[in-house]
Structure formats: structure tokens, C-alpha cells
Amino acid sequence: MKKLHIYLAVLTVFLSSCDKGFDKMNINPIALTSVDPAYQFNTAILQGAFGYNNLQYETIIVKQMINPFSGVGAAGQYNQDNRSVTSGNWTRGYRQVIRELVDVVAQTKDVPARANLYNMARIWKAYQFMLLTDTYGDIPYFQAGKSYLEGIANPEYDAQEAVYADILNELESAAAALNASNPVITSDILYGGDITKWKRFGYSLLLRGGMRLSKVDPTKAAELVGKAVAGGVFQSNNDNALLRHTAAFPNPVGSQLNGGQADFFYLAEDFVTHLKTTNDPRLASIAVRYSGAKSPVDQKEVNANRNPEVQIGMPLGYDNTTVSAAVTRDKLASLYEYSKLDPTRMAGLNSPTLFVTYAQTQFLLAEAAVRKWTTGDPATYFSNGIRAHMEQLAVYGASTAIPEAAIATYVKNNPLGAGKELEQINTQYWIASFLNGPEAWANFRRTGFPALTPNPFPGSDLKTETFIRRLTYTDAELNVNKVNVQKAISRQGPDLLDTRVWWDKK
């Protein structure tokens, strides 16, 4: 027994000595213990690029793109509620963008040296929430992204009217607070810390947000337009909110159209036909048709034809088994011969993502001037918008640049006409928002232009509307955050594709 006591005593001393510094030994000296909020901010910008959801719903709803194939990708082309796809904006927005931005704002709010980063993050957060609420309607807003900070795992849903009110206040306040005298964040991947451009971005978003209210609160819309113009909106294409992609961070749309979805997506008949009948030189920058293609393997450069005169858009209302009737009508070898978005140019892996542009801003000012909500000549804003978008296409490379002579001819031949201003302006907005599906769709819902015919595909999930008005909540939310989701549904209306969001008033 005595020997046992001696052994235990020695063992205790040994273990005690081994334990000294044990906690330090088990800490990785090179592990990341904190993240610079500037890096988090860049992550939130990068993750904001439009992806698969943009192709499967938004661009199809506004009849710019079409995927005739069914299976797991059955979505907007059939007016069907595919919740594995409608969840795309939600998942990307909340998990990859909002949670980062909420943390950045919290970390920088009371740090004077980070004042510009704080206000830049507020602007980007307001923009991302605008995308989310435009897509779904009532959403988690005031409690969103606070699971780690405040332990709110199941945030309440806020009415879109309240969400918009705060978004617009945030944009106005943050844009005004940006100050070039404060330390700038040169690492930011959107503007390189250029405060003047960030201010213009904030006020251009305020203009966009104000115009969203044109049907529900014209008086407030006019007030916000005035504030945006006074603050200073985009002045040229040099101000465009543009994300440049690289091999390390390729364009998500380009990745889809050069990867697993390469065979599935085509330019829609309505879009191609409009550009052809108006002799729009932009079609030559956008489209490619693989002459004689009988299968995907024939969609190769040797068969590529970029002549706008031969482009043929694929009609909606068919799937890949029934489109043969249209193929015969159009005298094509197969559906694979319809025009596509050129994967080597605008849909390239390194092609930029454009979020808010000078062209869009000029068109919004043209509409505001028609409505007498701002000064200036609507016709001048209108022609400036057309020219800006045509010149903007050069950002994709020399092969998409439109010659000045072609721009001048189109602008001259398409003046703003009395009595049809709103249709002309917003049809051009539709073209200028190509590849920015969320914005093209939102503006189409707001204005009703362009005057598109509904997708005639049989078996639609739409019950009361001819076009999809919103996307549905995710199955995960319906299961995990059921109480709060049901409150939103009770307030907003059925969780269907038909239900209109607050600002989308009939």
C-alpha cells in the first residue's frame, strides 16, 4: 500500500508538470482568430454576383433567356415553383452576404478610423436587402444576420414597406456620411475606396429605390428622386458599380454557361426579335448562333455565326420534346441551332458583373422627368441612357464594342416620342439590364414594360397572374422558422408565385 501511495504521488506530480503550458501547446499559433472587416466586406461584394437563380427565373420571366429542358431545372420556363431554385437568392443573400455585412457594420460602427468602411457596408447591405425583398416580399430584416451577435436564430419577418423605409433611410444617411477626409479603404474590390464613386453609387441606389415607390407612394417617390439628384448620381460609365472577375473568382453566370449548363440556355425569341426589328447594334455584341448544330457537340467556334441578321431566338411555351414544332417552323437543324448568349464574350468566365449602371440611372431620370419629379429634358436622359449602354458593352472586350457610327444612327432613329415615353424608356431599361435579371424583373413588375406576352407553357403553377410576381420562401425557412414565416404569409398573402409584393400594386 505504501508503494502505491508513493506511485500515485509521483504520478500526480508528473501530470501536474505536464499540464503546465498545456493550454498554450494546444493553440494553433497561426490559426485565424479574427478577420479584418475590410476582407469580410470584399467577400460580401464578391458573393453578390448573380448566379444560377438569375438564369432560371429572372431572365426567363422577362423573356430574355430560356431553358427548354425539364428535370431538376424546371422553373421559370414553365412558370413552375421549383423551391430548390427559388431558394437561390435567399441562400446566397443571407448565408453568404448579409451575415458578413451585419458583422462588418457592427465592428466598424463606433470606430472613427473605419467610418468610410462602415458607410460603404451600409450601402452594400441596403442594396442586397433590396434584392431580397424585391424577390420575396416580406423578409427578415431588422433581426437578420444576428445569430452570432445576439443569438437570434429565427429572425422575425418585417413587412416590405418597413424594410424599404429603412433601406432608403440607410442609403441617404450612409451616402451623405461618406467623407474623403477619413481613411479610405483602397482594398475594396468595387471602387478601390473612391469615396466620390461610392457616394454616387449610394445616391443612384436611392434613385432606384425611390422609383420603386412610383405606384404605391408617388409623393414619397418624388421626394426621394429629388434627394438622390441633389446628392449626386452617376455621371458616366466610369461610375458603374462593376465587379471584375478573375480565374480565381469567375463570373457565376459565365461558369454556368461554359460548364454544366452550356447546352441548356438560349436567347429568348422576344428579346432577339425586338433587337432585330429595331436594327439594334447590340445584338451583334450579345448573340451567337451555331449554324447547322444538330447536337451540343456542334456548338463550337468553327460553326459560330455572330451576324445579327441570322440570329433566331427560341420561343417560350415549349420544352425540349415539343420545341421541334418551332424548330421546323424556323427551318433549323435542331433546337441547338437557336441563338445563344455568346459564352466567349458577355458570358465569359472573366466577364464582369454589373449591379447598377449609368445607363439605368439615365433611364430612371428620364422617367422621373416625364413625371415632373425632377428637372431636365426626358429626351436627353433617354438618348444618354441608350448611348451609355451601348458604350458600356466595350467592358466585355473589343469584340463587343459598338462603333460610334452605329450608336449615333440608332440614337437618331429612336427618339423619345410624345405619348409613349414610359413604354420607350422602360423598354430600353429592359435592354440595358440584360444579365441583371433581378433588376430587369423588378422594373418590369413596377412599370409593366416592355409589353411582353405571357409565357404560354401549359401546366403553369400561376393561379391568378399571367407573370410570376415573386419567388417563394425556402423549405428550410418553412420548417425551421415556421412561426415567423406564417406571420409573413398571413400579412402579405399566399406563399405563391402570383402574390404581389408591396410596391407591385395593380
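Visitor: Which hand does the crossing of α3 and α5 have, left-handed or right-handed?

Guide: This is a predicted model in which local features need pLDDT of at least 70 and side-chain atom pairs count only at pLDDT 80 or more, while totals for chains, interfaces and linings use all residues. Residues are numbered from 1 along each chain as its sequence is written, and side-chain values use heavy atoms, without hydrogens and water. Handedness is judged from how the near helix is turned from the far one by less than a right angle, anticlockwise for left-handed and clockwise for right-handed. By that rule, the crossing of α3 and α5 is left-handed.

Visitor: At what angle do α3 and α5 pack?

Guide: Helices (H or I, at least four residues) and strands (E, at least two) are DSSP runs, numbered from the N terminus, and axes are fitted to C-alpha atoms over the stretch in contact, with N-to-C angles from 0 to 180 degrees. Helix α3 (residues 37-46) and α5 have axes 9 Å apart and pack at an angle of about 150°. That makes α3 roughly antiparallel to α5 (over 145 degrees; under 35 is roughly parallel, 65 to 115 roughly perpendicular, the rest oblique).

Visitor: Which residues of α3 make the contact with α5?

Guide: Contact means heavy atoms within 4.5 Å. On the α5 side, the contact is made by Gln 96, Val 97, Glu 100, Leu 101, Asp 103, Val 104, Gln 107 and Thr 108. By class, the contact has six nonpolar, five polar and two charged residues (nonpolar: Ala, Val, Leu, Ile, Met, Phe, Trp, Tyr, Cys, Pro; charged: Asp, Glu, Lys, Arg; polar: the others, Gly among them). From α3 come Pro 37, Gln 40, Phe 41, Thr 43 and Ala 44.

Visitor: How many charged residues does the contact of α16 with α18 have?

Guide: Helix α16 (residues 378-392) and helix α18 (residues 421-432) pack at an angle of about 15°, with their axes 10 Å apart, which makes α16 roughly parallel to α18. α16 passes α18 in a left-handed crossing. Phe 382, Ile 386 and His 389 of α16 meet Gln 424, Ile 425, Gln 428, Ile 431 and Ala 432 of α18. Of these contact residues, five are nonpolar and three are polar, and the number charged is none.

Visitor: Which element gives the most to the lining of the largest pocket?

Guide: A pocket is an open set of points, on a 1 Å grid over the protein atoms alone, with protein on both sides within 12 Å along at least five of seven lines, and its lining residues have an atom within 4 Å of a point. The largest pocket holds about 610 Å³, a volume filled by probe spheres set on points joined across faces, edges and corners, and its 26 lining residues include, closest to the centre, Tyr 94, Arg 95, Gly 145, Ser 147 and Ala 153. α5 (83-108), α7 (147-150) and α20 (475-480) are the elements that give two or more residues to this lining. With nine residues, the element that gives the most is α5.

Visitor: Which loop holds Pro 450?

Guide: The peptide bond from Phe 449 to Pro 450 is cis, with omega near 5°, whereas most peptide bonds are trans. Pro 450 is found in the loop between α19 (437-447) and α20.

Visitor: Where does Lys 63 lie?

Guide: Most residues other than glycine have a negative phi. Phi of Lys 63, however, is positive, near 60°. Lys 63 lies in the loop between α4 (52-61) and β1 (65-66).

Key:
1 Å grid on protein atoms, 1.4 Å probe; cavity = no way out; pocket = protein on both sides within 12 Å on 5 of 7 lines; lining within 4 Å.
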